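Hi,

Here is the structure I promised to pass on to you. Please have a look at it first, and then read on for my notes.

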Amino acid sequence: MIRLNKGSRPAKSNVPANVRAHWFVLLATLMALGLALAVQGYIHHLGGAPGDSLPPDKAAGSVPTTLAHGGPVVDSRGGAVTTVSPPDRTIALTFDDGPDPVWTPRILDVLREHHVHATFFVVGSAAVDNPDLLRRIVAEGHEVGVHTLTHTDLGTAPQWRRELEVQGGQDAIVGVTGQAASLLRPPYTAGNGAITNGMWSAMHGLADEGYLTVLSSLDSEDWQTPGTKAIEANLAPPGPQGQVVLMHDGGGDREQTVAALDSALSRFADQGYRVTTVGDAVGVDTMRPASSIEQLRGSALVWGMRLSDFVVWAISLGLVAAGVVTFLRAILVMFFASRHSRAARRLPSAGRGRRRVDVMVGPAVTEPATVIVPAYNESAGIEAAVRSIVASTHPVEVIVVDDGSTDGTADIVQALGLPGVTVIRKENGGKPSALNAGIQAASHDLVVMVDGDTVFEPDTVRALIQPFADPRVGAISGNTKVANRGGILGAWQHIEYVVGFNLDRRLFDVAECMPTVPGAIGAFRLEALRNVGGVSDDTLAEDTDLTMALCRDGWRVVYQENARAWTEAPATLGALWKQRYRWCYGTLQAMWKHRGAVVQGGAAGKLGRRGLGYLLVLQVLLPLFAPIVDVFALYGLVFLDPLRIAVLWLVFLAVQFLMAAYAFRLDRERLGLLWTLPLQQFVYRQLMYLVVIQAVVTAVAGVHLRWHRMERYGSLRVPQTQGHA
């Protein structure tokens with residue numbers, strides 16, 4: 001549960017133990033996710049190709065002569081090499097690369113019809129994917145052997161992978177059937193004469209682990225799909241000698257294999273051949289009940305692979321949902337932004353400025369306004385802020401509330417000697433306290449609130465308050481612009497303000513669910529402020545809390561795009577992190593505080609179901625899912641098609657660029673800074689996601705946060721013209 005904490009209370013520790021614990025859980029979760037994706041990628045995307053074509057390495061100088069010219073069943077345990085073949089007129093029938101959900105059942109049906117048993121060398125990953133088929137194979141009296149975990153060429157694989165592949169294949173069999181197999185057929189092997197030095201090294205090393213290697217003496221070559229007749233011809237024994245026959249029940253289309261098997265079994269029976277398993281043909285027991293340790297290990301592998309499959313499935317589903325939400329958001333935001341832009345029109349009788357056709361039209365608002373400037377240690381920018389407000393073309397009184405500054409902020413304002421400017425000095429009590437002090441001292445019914453690090457254009461106040469012509473309007477959000485946008489970090493924040501904040505405000509305005517009038521520039525009816533009890537200090541986002549309270553009280557909150565305020569954005573990543581951390585944490589507090597709006601009617605219900613729903617999905621849940629998206633993208637680059645991943649990213653970037661270009665056009669901004677947009681997606685976006693994650697972790701942990709004051713740089717200047725670049 002998110003606990004609501006007073007913003008003015010300091011934290012007891014910079015990194016509380018419960019927050020560290022939550023971060024540890026998060027990191028552990030991401031590591032587990034990475035492990036699951038690595039398992040999934042290894043098993044399903046790093047295995048060998050289907051079929052049994054021979055590896056390109058033909059070197060065989062180290063292969064013992066006994067093996068090269070011996071029988072297809074090889075025992076090299078203890079260093080001595082012994083080979084054996086099935087007795088005359090005995091066919092040991094084997095199938096590789098299954099079980100396959102389509103072809104293995106059909107092959108089993110043919111074998112049952114002919115009352116024949118065979119040996120199935122199964123791929124471990126396929127066995128886990130089709131456990132019922134593997135159980136059916138064993139239940140119907142067939143024999144099972146190891147064909148590695150992912151159909152890997154053991155002859156070229158390093159030692160660690162050989163052991164992993166064979167043990168993984170064995171564990172898969174044990175995990176599904178409860179029995180252990182002693183037969184091994186390395187992938188990409190055929191007859192004894194084709195064994196290379198690398199393959200012999202693998203066979204010899206695995207023999208000491210108890211495996212008998214089974215090669216083949218009669219290759220159907222069905223993996224090449226040469227046609228049913230060709231496969232039948234390849235299955236014809238050259239004489240009465242016993243044979244180990246190689247066929248496939250997986251790895252591709254086995255329609256020809258099924259047809260050829262049926263006719264071959266009939267011919268074998270007519271010619272007096274006995275068709276059986278490898279173990280029965282050479283007189284050895286090849287399967288045994290697995291030990292408790294083996295069963296535990298096998299079960300762990302099976303459930304681990306199933307879990308990784310589920311994780312990838314769930315992430316894939318989440319990616320689809322996130323992609324759909326992202327595209328729908330782009331379409332939705334641009335659609336409503338277009339409606340908002342069309343709703344604002346110039347009226348000749350109103351002089352300069354823009355009026356809204358979706359709010360009640362009345363005469364131009366000319367009554368004076370009170371501008372409240374809460375200030376705490378704002379010496380760097382307070383003069384520019386106050387001078388810009390005093391220069392307004394609309395009549396204003398300015399109240400600067402010094403909230404216990406220690407840098408002479410109040411003295412600077414008083415020394416200016418500007419008419420209509422009042423300074424209130426008070427003990428430090430936090431921004432809500434300062435705002436409430438200004439509200440109490442306000443002389444006019446219209447109140448404008450502005451941060452001490454913000455400057456106005458001459459027409460800002462006049463443009464901002466015009467929607468008050470509609471008596472339903474209780475608050476108005478202005479258009480906040482980044483003043484210090486010169487560096488890369490400033491450019492990224494400028495893009496975020498124009499695209500993220502202002503586009504969203506247009507949508508919220510049209511949907512009548514505005515959740516935030518920013519502290520940098522907002523106008524309020526004094527009546528509305530008093531109705532909700534002024535500015536609350538329940539959250540660190542007092543502006544969001546206040547706006548939500550006004551919506552729940554039935555007031556309309558709108559966005560006035562041509563009322564511009566220029567603010568000083570953080571110039572370092574550390575300062576940016578602190579600011580956004582406070583914003584996000586405070587927003588979560590406000591959302592929790594006003595959660596009851598979801599079940600209310602009227603204006604409150606619009607805020608609850610539209611505004612809070614939008615914030616929850618787009619600004620909380622989607623960012624929480626974003627690190628998983630990034631991890632999955634890395635997974636795709638390594639294990640999937642990098643070109644496809646790159647194309648998807650470019651499509652996503654194109655959508656972002658189109659949305660940004662449209663937002664810049666609406667705000668009459670130059671497009672030049674959009675060249676930084678791709679970099680923003682790689683760096684800035686991830687930083688903001690981490691901020692959301694930490695804020696959520698902190699909120700769930702119930703940690704008390706203090707107000708993080710942003711460093712001021714003194715870069716603000718009083719605007720000289722009404723326009724902007």
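The mean pLDDT of the chain is 87, and 88% of its residues reach 70 or more. Among the elements, strand 4 (residues 119-122) has the highest mean pLDDT, at 98, while strand 14 (residues 355-356) has the lowest, at 48. Two stretches call for some care. Over residues 1-15 the pLDDT stays under 50, and the model has 42 contacts for them beyond four places in sequence. Residues 720-725 are also below 50, with 17 contacts beyond near neighbours in sequence. Where pLDDT is low, predicted coordinates should not be read in detail.

Now to the inside. The largest nonpolar core has 76 residues, and the members that touch the most others are Met 449, Val 499, Leu 503 and Phe 524. Helix 16 (residues 488-511) gives the largest share of this core, with 10 residues. Leaving out residues up to four places away in sequence, Val 499 touches Arg 329, Asp 504, Met 659, Ala 660, Ala 663 and Phe 664. Another core lies apart from this one; it has 56 residues, including Val 128, Trp 200, Met 203 and Met 247. In soluble globular proteins, nonpolar side chains tend to be buried together.

Helix 7 (residues 197-207) is worth a look as well. Its buried residues are Gly 198, Met 199, Trp 200, Ala 202, Met 203, Leu 206 and Ala 207. Among the elements that cover them are helix 2 (65-68), strand 1 (73-75), helix 6, strand 7 (183-184) and strand 8 (212-214).

Apart from neighbours within four places in sequence, Gln 493 is in contact with Val 482, Ala 569, Pro 570, Leu 576, Arg 580 and Tyr 684.

Next, some backbone points to check. Most residues other than glycine have a negative phi, and most peptide bonds are trans.

- The peptide bond from Gly 98 to Pro 99 is cis, with omega near 0°; Pro 99 sits in the loop between strand 3 (90-98) and helix 3 (103-113).
- Thr 148 has a positive phi of about 70°. Thr 148 belongs to the loop between strand 5 (143-146) and helix 6 (159-177), and is buried, with a relative accessible area of 0%.
- Glu 512 has a positive phi near 55°. Glu 512 is in the loop between helix 16 and strand 21 (522-525), and is partly exposed, at 32% relative accessible area.

Phe 310 is part of helix 11 (residues 292-343).

Finally, the charges. Side chains of opposite charge can pair when their charged atoms come close. The model has a count of 30 salt bridges, and three of them may interest you.

- Arg 297 and Asp 171 meet at 3.2 Å, N to O. Arg 297 lies in helix 11 and Asp 171 in helix 6, so the pair ties together parts that are 126 residues apart in sequence. Arg 297 is partly exposed, with a relative accessible area of 38%, whereas Asp 171 counts as buried at 7%.
- Asp 403 and Lys 426 pair with their closest N and O atoms 2.7 Å apart. This pair links strand 16 (residues 396-403) with strand 17 (residues 421-426), and the two residues are 23 apart. Asp 403 is buried, at 3% relative accessible area.
- Arg 580 and Glu 496 meet at 2.5 Å, N to O. Arg 580 is in helix 19 (residues 573-593) and Glu 496 in helix 16, so parts 84 residues apart in sequence are tied together. Both count as buried, Arg 580 with a relative accessible area of 4% and Glu 496 at 15%.

There is also one network of salt bridges with shared partners, which joins Lys 481, Arg 485, Arg 506, Glu 561, Asp 667 and Glu 669.

Best wishes

Methods. Residues numbered from 1 in each chain as written. Predicted model: local features only at pLDDT ≥ 70, side-chain atom pairs only at ≥ 80, totals over all residues. Heavy atoms only, no water. Core = buried A, V, L, I, M, F, W, Y, C linked by side-chain atoms within 4.5 Å. Buried < 20%, exposed > 50% of the residue type's maximum accessible area, 1.4 Å probe, protein only. Helix = DSSP H or I, 4+ residues; strand = E, 2+ residues; numbered from the N terminus. Contact = heavy atoms within 4.5 Å. pLDDT = per-residue confidence, 0-100. Salt bridge = Lys/Arg side-chain N within 4 Å of Asp/Glu carboxyl O.
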